[in-house]
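Please examine the structure shown below before reading the numbered points.

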Amino acid sequence: MSYLEYNIKHVPTGLRKVLHVNWPLVLLMIAIASFGFLMLYSVAGGSFDPWASAQMKRFAMGLGLMFFIGFVPIYLWRNLSPLFYIVSLVLLVLVELVGETGMGAQRWLNLGFMRLQPSELMKIALVLVLAAYYDWLDNERRSKLLWVLIPVLLIVIPSFLVLRQPDLGTTLLLMIGGASVIFFAGVHWMYFAGVISAGIATVAGVFLSRGTPYQFLKDYQYRRIDTFLDPSADPLGAGYHITQAKIALGSGGWTGRGFMQGTQTRLNFVPEKHTDFIFTTLAEEFGFVGAASLLALYAGVLIFAFASAFKNKDRFSSLMIMGLAVTFFLYFAVNMSMVMGLAPVVGVPLPLVSYGGSAMLVILISFGFVQSAHIHRPR
Amino acid sequence: MRRTPKDVEQNARTVSRRGIIFGGLQLLMFGTLGWRMRQLQLRDSEQFRLLADENRINIRLLPPARGLIFDRNGKALAINEQNYRVVIVREDAGDVEKVLSQLQMLINLSDEDVAAALKTVKQRSPFVPITVADHLTWDDVAKIAVNAPALPGITPEVGFSRVYPRGKDFAHVIGYVGPVSDYDLAKIDDQDPLLQIPKFQIGKTGVENKKERDLRGKAGTKSIEVNAVGRVMRELERQEGQSGDDLQLTIDASLQNYAEARLAGQSASCVVMDVKSGDLIAIGSAPSFDPNKFVRGISVPDYQGLLDDEFRPLASKSVQGTYPPGSTVKMVTALAALEGDFADAADTVRCNGYTEVADRNFHCWKRGGHGKVDLVSSLVESCDVYYYEMAQKVGIENISAMAKRLGLGSKFSLPLSAVASGLAPTKEWKRKRYGKDWVIGDSLNAAIGQGFVKSSPLQLAVMTARIASGTDITPRLVKTINGRETLAPKPESLGIATSSLKAVRDGMFGVSNLTRGTGFRSRIIAKGMRMAGKTGTSQVRNISAAERASGVIRNEDLPWKRRDHALFVGYAPADDPKYAISVVVEHGGGGSTAAAPIARDIMLQALYGELPPLDAYPTNQRSTIRRQQREINILASTRKAGAKDST
């Protein structure tokens with residue numbers, strides 16, 4: 001059902017929109033961010049400087065932006081989504097040409113007043129454009145090969161650009177986030193089965209051919225994959241971080257070592273303790289109870305987002321909400337798997353908790369779209 | 001685009017269905033994450049807690065204060081003095097080079113020191129304090145403190161370092177400490193973790209080395225929390241160590257000082273021993289060196305100088321050096337003859353200046369011979385022929401057995417470096433050592449302390465003390481450890497007949513008090529303090545028949561290395577022996593001229609406890625002695641002052 005078809009009279013206008021905001025989602029996000037403030041205060045050795053205060057300011061700004069986006073009617077965003085996508089793509093190409101390098105990867109565009117990470121924008125733009133695409137596409141054509149190739153290209157082009165930076169974490173998020181929208185749109189499941197089998201076959205082929213005269217990759221490439229998959233094979237190099245993170249987590253026990261008592265993080269044994277590895281601080285200081293609580297809050301966000309999507313009769317809105325929710329899910333699932341030693345180390349922050357402007361802004365903007373869809377849903 | 005309501009309905013169902021499928025996948029992920037948390041935080045928590053503590057807690061050792069060493073009267077011989085040093089911390093200093101050059105303008109700091117400090121500073125973490133200069137004076141510290149604002153990152157620190165306030169006097173007895181080396185670690189079987197501290201000071205020689213375990217003490221520990229790069233965050237726990245035991249030696253510092261001063265200028269040594277208790281009152285060895293230089297790290301030229309010195313200042317000659325004892329061993333031969341009933345004290349031997357044994361002429365030191373000699377006069381005049389006769393009667397086995405009883409050829413357990421065991425040769429020893437049979441000539445040589453016989457000044461002093469006391473007294477160097485008296489074995493009688501001892505003692509008394517005595521010139525005339533002794537002159541070269549025919553070359557005409565060793569052993573007072581003494585002057589010429597006067601002077605100093613009055617000396621020597629006393633007084637006091645300077 002397209003937007004034009006619903007009864008516009010029932011969509012709230014003006015200040016009445018405030019009453020229709022999905023408040024549980026907002027509160028959950030504030031709760032999660034508060035965990036972040038607490039942890040940033042702790043890792044700074046009991047100080048709001050340098051991280052907690054800056055993070056709070058950004059969160060307040062981001063929250064404002066979220067409400068602003070939320071109050072703008074969703075159809076406007078839908079109509080703009082192709083433009084968003086094109087702009088993001090252009091910025092990604094620009095990063096490739098003139099981007100700034102940081103931590104071994106070319107990711108940032110310096111806009112003078114801020115440093116922009118176009119790959120973060122692309123996470124939202126991709127979900128939006130795919131949702132708009134399937135909102136536009138009629139049911140008969142959606143499982144036809146040609147009409148499946150178009151969204152695949154929409155995903156693959158930016159993914160390729162991001163992979164070149166190189167940023168494996170974001171590439172993963174883009175591809176799975178995009179694929180989830182195609183999946184939710186109802187494209188025939190055989191496509192997914194095919195892609196997944198092909199992927200498994202490739203991985204199996206790569207590994208099974210190892211050591212035979214027909215091996216796919218060079219020996220040194222295999223060795224790099226080895227350390228990537230199992231950092232503990234290199235305990236002083238790549239493995240050091242993950243080993244220390246596991247020690248921090250484990251030493252938390254049931255209730256943790258107490259606020260600001262985490263030795264692993266406070267004494268710098270854990271790297272990136274305020275950004276990608278902030279979960280270790282939480283788990284060390286508040287233990288299993290604290291870590292599980294954060295997990296529950298994240299689950300709450302997903303439940304309310306999916307519930308909102310299921311209830312929304314607008315196809316664009318529901319696809320977009322679910323796509324953004326999946327992106328949010330991927331953020332913390334990948335981050336937590338990484339710090340708990342379940343997945344290789346890829347640079348993905350813990351959403352709303354890790355210190356950092358870009359990621360936090362992207363999450364809040366994306367939930368701005370979720371709120372917009374929620375407020376302006378057809379009734 | 002427009003859709004039919006049916007389509008819309010179906011689309012909504014698809015979205016919901018697929019959303020639920022995906023939700024299921026997400027649930028699976030939540031399950032995995034939760035399971036992993038449980039695994040890490042609940043199941044393996046204790047193990048990880050342990051690892052976390054291992055990460056952050058560092059156990060540091062607190063070096064204990066080393067035990068002090070005192071002399072028998074409580075005078076300090078080895079102490080721990082506050083040592084000022086200056087350290088630099090890179091992260092506080094900023095421009096390290098600039099700060100160091102500013103420091104160089106204030107205190108005496110060589111360019112090499114600065115370069116070395118710069119190198120270390122760059123290698124270590126920025127927060128690690130690096131020692132720039134050590135052993136600073138209080139003035140330097142004050143200058144640094146005043147100029148602190150211009151010297152960021154520079155702080156004076158106080159540590160302890162070993163100081164020997166008596167400098168050279170005790171270098172050979174106490175030895176010195178130095179930083180533990182890989183060589184030390186390989187050599188000693190010691191699990192003490194203190195030894196793992198870089199530059200930890202351990203005893204290298206002498207008492208410092210042999211009494212290391214008493215002096216060292218026990219390490220304390222402190223647990224500190226460090227961060228990932230090793231910076232110390234805070235102290236968690238501290239357990240103080242136990243400082244080392246203080247030692248009190250039997251040495252009398254003032255006598256030691258006098259002895260060293262009296263020996264100075266020659267390559268000589270002396271041992272003074274208490275006849276009744278076995279206490280070693282002085283162990284002199286000249287020349288000596290300043291142990292404080294070794295503690296601070298001696299310079300290569302200084303060290304090379306010590307090594308190249310012909311007089312071997314590094315050797316402790318009194319216990320390490322072994323010499324042919326010469327005539328000082330004649331008491332042994334005499335006692336062996338008397339105790340074995342091979343001769344009677346009154347038996348006489350005719351001395352013509354030589355005796356012919358096995359187609360060889362064995363000469364007496366006196367060309368014309370002594371005529372008829374009995375045991376006492378053989379000692380008094382040191383007749384060699386008498387002992388050639390005795391040697392043939394008694395045999396080497398009996399002589400060596402008596403030597404052993406009197407302490408020659410036996411190693412005393414003293415806390416000193418490389419205590420020599422000397423040699424009292426036997427037939428079996430020669431067969432083993434040289435694969436040759438013992439010949440009668442060997443016995444003749446041994447009887448007058450030449451040939452294979454070797455003994456150290458310490459052994460000669462013990463021998464004299466045993467003859468004087470008639471007991472098997474053993475030497476003792478450590479009086480108390482941590483205030484507790486060390487137990488010396490109670491001396492037992494040697495089992496030598498009183499009459500034999502009396503004959504030998506009479507002979508020794510005659511040496512120093514009869515006009516014919518070889519030590520007569522160096523007699524003591526003070527009442528109740530008379531000395532009994534024996535001179536000895538031992539050859540370090542063979543005198544050929546041709547030389548003997550043309551007249552033996554006088555010592556003064558020989559190069560130093562080929563001159564005879566001069567020896568003297570004695571005890572006093574003769575009628576109630578208190579101290580035994582031995583003096584060896586390497587290549588000093590004759591025992592009566594070179595060694596006996598030194599022995600008398602040191603003995604008098606020991607008996608009086610201060611510089612003796614001139615009337616203890618024979619009348620005609622007093623003016624010379626007065627002059628000599630004055631010189632030694634100056635020398636002794638400058639040695640003391642020098643020692644203070646070097647602290």
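1. Pro287(B) sits in the loop of chain B between strand E12 (280–286) and helix H12 (291–296); helices (H or I, at least four residues) and strands (E, at least two) are DSSP runs, numbered from the N terminus. The peptide bond that leads from Ala286(B) to Pro287(B) is cis, with omega near -5 degrees.

2. The model is predicted, so local features need pLDDT of at least 70 and side-chain atom pairs count only at pLDDT 80 or more, whereas totals for chains, interfaces and linings use all residues. Residues are numbered from 1 along each chain as its sequence is written, chains are lettered from A and ligands numbered from 1 in the order in which they are written, and side-chain values use heavy atoms, with hydrogens and water left out.

3. In chain A, the peptide bond from Asp49(A) to Pro50(A) is cis, with omega near 0 degrees. Pro50(A) belongs to the loop between helix H2 (23–43) and helix H3 (52–71).

4. Arg312(B), which is not a glycine, has a positive phi near 50 degrees. Its position is the loop between helix H13 (300–308) and helix H14 (317–320) of chain B. Arg312(B) counts as partly exposed because its relative accessibility is 35%; buried means under 20% relative accessible area, exposed over 50%, and partly exposed in between (1.4 Å probe, protein chains only).

5. Ser382(B), also not a glycine, has a positive phi of about 55 degrees. Ser382(B) counts as buried because its relative accessibility is 3%.

6. Tyr571(B), in strand E20 (residues 565–572) of chain B, counts as buried because its relative accessibility is 1%.
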